[in-house]
Amino acid sequence: HGCRIKTFDEVKEVMETLLSNSKVKQATHNMMAYRLPHRDDFDDDGEAQAGKRMLHMLQMMNVTGTMVVVSRWFGGTLLGPARFGIINNVAKDAINQFLLPHRP
């Protein structure tokens, strides 16, 4: 999930809205990162370092006023360190597809 945000209150509203969806709420992890002009933060939601890596990606992409949430359901297969690349790719795709201006 990706969206534009202007305030920290919107971060809380987005998370409340997403978690009101029963499928998202049942995810094993709902990792989140956001950047505002004077505030950056993340939440790993139990998936150590995932939110921090997503925040780093947002910083490297130089996007602000942006929030990404990646939901992960454990399906019985341990992904090891590869999960971080998958999580970041999903977050990056959401930013590129929905938040950045499309270029011809």
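A residue counts as partly exposed when its relative accessible area lies between the limits for buried, under 20%, and exposed, over 50%. Lys12 has 40% relative accessibility, so Lys12 is partly exposed. Keep those cut-offs in mind. They return throughout this tour of a predicted model.

Start where Lys12 sits. Lys12 and Asp9 both belong to helix α1, which covers residues 8–19. They are three residues apart, about one turn of the helix. Their side chains form a salt bridge, with the closest N and O atoms 3.5 Å apart. Asp9 has 45% relative accessibility, so Asp9 is partly exposed as well.

Now turn to the sheet. In what order do its strands lie? The order is β1-β4-β2-β3. These four strands form an open sheet, and the pairing is antiparallel. β1 (2–4) and β3 (39–43) are the edge strands, each pairing on one side only. On average, neighbouring strands are turned by 10 degrees against each other, direction ignored.

Take the pairs in turn. Three bridges hold β1 against β4 (residues 66–72) in the antiparallel sense. Here Cys3 stands opposite Met67 of β4. At another place in the sheet, β2 and β3 run antiparallel and are joined by five bridges. A hairpin of two residues leads from β2 to β3. In this pair, Met32 faces Asp43 of β3.

Helix α3 (residues 50–61) lies across β2 (29–36), β3 and β4. Its direction is at about 30 degrees to β2. Helix α4 (residues 82–99) also packs on the sheet, where α4 touches β1, β2 and β4. The direction of α4 makes about 135 degrees with that of β4.

Follow β4 to Val68, which is found in that strand. Is Val68 buried or exposed? Its relative accessibility is 0%, below the 20% cut-off, so Val68 is buried. What does Val68 touch, leaving aside residues up to four places away in sequence? Its contacts include His1 and Gly2, and also Met31, Met32 and Ala33. Met54, Leu58, Ala91 and Ile95 are on the list too. Val68 and Arg4 are 64 residues apart along the chain, yet their C-alpha atoms are separated by 9.0 Å.

Back to charges. How many salt bridges does a search of the whole structure find? The search finds four. Another joins the side chains of Asp40 and Arg35, at 3.2 Å from N to O.

Glu47 forms a salt bridge with Arg83, and their closest N and O atoms are 2.7 Å apart. This pair links distant parts of the chain, 36 residues apart. Glu47 is in the loop between β3 and α3, while Arg83 is in helix α4. Salt bridges with shared partners join Glu47, Arg72 and Arg83 into one network. Glu47 has a relative accessible area of 5%, which is under 20%, so Glu47 is buried.

The loop that holds Glu47 also holds Gln49. Gln49 is not a glycine, although its phi is positive, at about 75 degrees. Its relative accessible area is 38%, so Gln49 is partly exposed. Asn62 also has a positive phi, near 55 degrees, and is a residue other than glycine. Asn62 is found in the loop between α3 and β4. With a relative accessible area of 64%, over the 50% limit, Asn62 is exposed.

Which residues make a nonpolar surface patch of about 230 Å²? They are Leu79, Ile86 and Val90. Leu79 sits in the loop between β4 and α4. Its relative accessible area is 38%, so Leu79 is partly exposed.

Conventions
Residues numbered from 1 in each chain as written. Predicted model: local features only at pLDDT ≥ 70, side-chain atom pairs only at ≥ 80, totals over all residues. Heavy atoms only, no water. Pairing = 2+ DSSP bridges. Axes fitted to C-alpha atoms, helices over the stretch in contact; angles between N-to-C directions. Contact = heavy atoms within 4.5 Å. Patch = residues over 30% accessible without salt bridge, like charges linked within 9 Å, V, L, I, M, F, W, Y side chains within 5 Å. Areas by Shrake-Rupley, 256 points an atom, 1.4 Å probe, with all protein chains shown as cover. Buried < 20%, exposed > 50% of the residue type's maximum accessible area, 1.4 Å probe, protein only.
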